[in-house]
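The sequence and the structure are shown first.

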Amino acid sequence: MPSILPDGEPAPADGALPPAALEGAAERAFGVYVHVPFCVTRCGYCDFNTYTAEELGPAPGASRATYAQAAIGEVRLARRVLSAPTAPVSTVFVGGGTPTLLPPADLGAVLRAVEDEFGLAPDAEVTTEANPESVDRRYLDELRAQGFNRISFGMQSARPHVLATLERRHTPGRPQACVAEARAAGFDHVNLDLIYGAPGESDDDWQASLDAAVAAGPDHVSAYALIVEDGTRLAAQIRRGVLTAPDDDVLADRYLRAEETLSAAGFSWYEVSNWAREESARCRHNLLYWTGGDWWGIGPGAHSHVGGVRWWNAKHPAAYAERLARGVSPAQAREVLDAQTRMVERVMLELRLSGGLDLGVLDEVGEAAAGRAAADGLVVAEELAAGRVVLTLRGRLLADAVVRDLLGWGSDLVSSAS
Ligand SMILES: C[S@@+](CC[C@H](N)C(=O)[O-])C[C@H]1O[C@@H](n2cnc3c(N)ncnc32)[C@H](O)[C@@H]1O
Ligand code: SF4
């Protein structure tokens, strides 16, 4: 799919936004993402913006110990930039990296700053990602007491050899134990992340992972096809022939297995890679991303979007902290989204939702493509007749190809359940 992200224009030093971006902000839902860029080791498949202690070295301002203060500095800057009234924050999502490498009090201090500056909606969803080996019951109790009410554990697989290939550090039973501990600590919502299609994973391995995830009792499961990212150790191992890349047909079968197992267990899909037990268990923060909402991304490399302006921060924790210490915005570059880009993004994101895409968003070429997709069994014909483009199960396997067709980019109908 063609990249829709240009290099961007330089962001102003004070972080100011064009006045048009702030218009109507008080009427739009507002979320905050906090990126914690630290991991104990880097998993072989991961190219997220995260650093081990060794990689960071003694760089000033880049340590875990000073991270919360830098992040709070950006929260205060965000309040100054968003001078117009905003809606109280409806979702906060702390992701990584490994947020749970920080003490709960540090994560709580950033949350308090968000609350002090913007206010939290009374029913705000407050999530953190957590690595299973990095928490215990006491840690989870403290996190809950700091105001977190949703937690997402990176389980990935129940099989030791798959975890070893992925270079994950936790033991196979630990994520399931984490779910029980999080429930006992009083978290309202608990997610498990799974990855399918790792080299050497069999159908039985994947089924065992799904069964173990369901048995653990989360109310949300995310299942992602393994993406072989350039520059990772996994990509190098595949290039050298040490490991074999996942095959599209195998990935499609694994996706169907996920849908079958999760729906039999009472989960329903609401985005191609996400299933929830009930509507209240859907991740409202991610829904904000997928429906073009406003969010401020705090932290190194974090992306933000407010009123059609998107910007992204300096990537390295030292560069990020240094800018804030100088009173300069950590934003490195930005782009003002034009109507065409916004339309393309809307199609790419909303088509992946169970509620689908409003047919009115498409031009004539797209409408004709939607008709063909219905005839091919890729979108639901009754929904299309009612003005919505909603993927069928087969359409979910081919979501990227359907998007290309709707946008008039040509379709090669390659399996794309990721
Ligand atoms: C970046 S991690 C951050 C949270 C936490 N450190 C963890 O690993 O669970 C968020 C999710 O992205 C997944 N992820 C990262 N790289 C991926 C890849 N190349 N393909 C599929 N999923 C990936 C992780 O496995 C994890 O479930
Ligand atoms: S623990 Fe999570 S963020 Fe860290 S390297 Fe592994 S997948 Fe990436």
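Contact here means heavy atoms within 4.5 Å. The model is predicted.

## Packing of helix 12

The buried residues of helix 12 make contacts with helix 2 (53-56) and helix 3 (64-81), and also with strand 10 (294-298) and strand 12 (309-313). Helix 12 spans residues 317-325, and its buried residues are Pro317, Ala318, Tyr320, Ala321 and Leu324. These residues lie on the same side of helix 12 because they cover an arc of only 160 degrees around the axis. An α-helix has 3.6 residues a turn, so residues three or four places apart point the same way.

## Shell around ligand 1

There are 16 residues around ligand 1, and those that come nearest are Gly97, Gln156, Arg168, Asp193 and Ile227. By class, the shell holds six nonpolar, six polar and four charged residues.

## Polar contacts and burial

Asparagine 131 has a polar side-chain atom 2.9 Å from a nitrogen atom of the ligand.

The protein buries 92% of the 540 Å² that ligand 1 exposes when taken alone. Strand 5 (150-156) and strand 6 (189-196) are the elements that each give two or more residues to the shell around ligand 1.

Technical notes. Residues numbered from 1 in each chain as written. Chains lettered and ligands numbered in written order. Predicted model: local features only at pLDDT ≥ 70, side-chain atom pairs only at ≥ 80, totals over all residues. Heavy atoms only, no water. Buried < 20%, exposed > 50% of the residue type's maximum accessible area, 1.4 Å probe, protein only. Helix = DSSP H or I, 4+ residues; strand = E, 2+ residues; numbered from the N terminus. Arc of directions from axis to C-beta. Near = heavy atom within 4 Å. Polar contact = N/O pair within 3.5 Å; in protein donor to acceptor, adjacent residues only side chain to side chain. Areas by Shrake-Rupley, 256 points an atom, 1.4 Å probe, with all protein chains shown as cover. Nonpolar A, V, L, I, M, F, W, Y, C, P; charged D, E, K, R; others polar.
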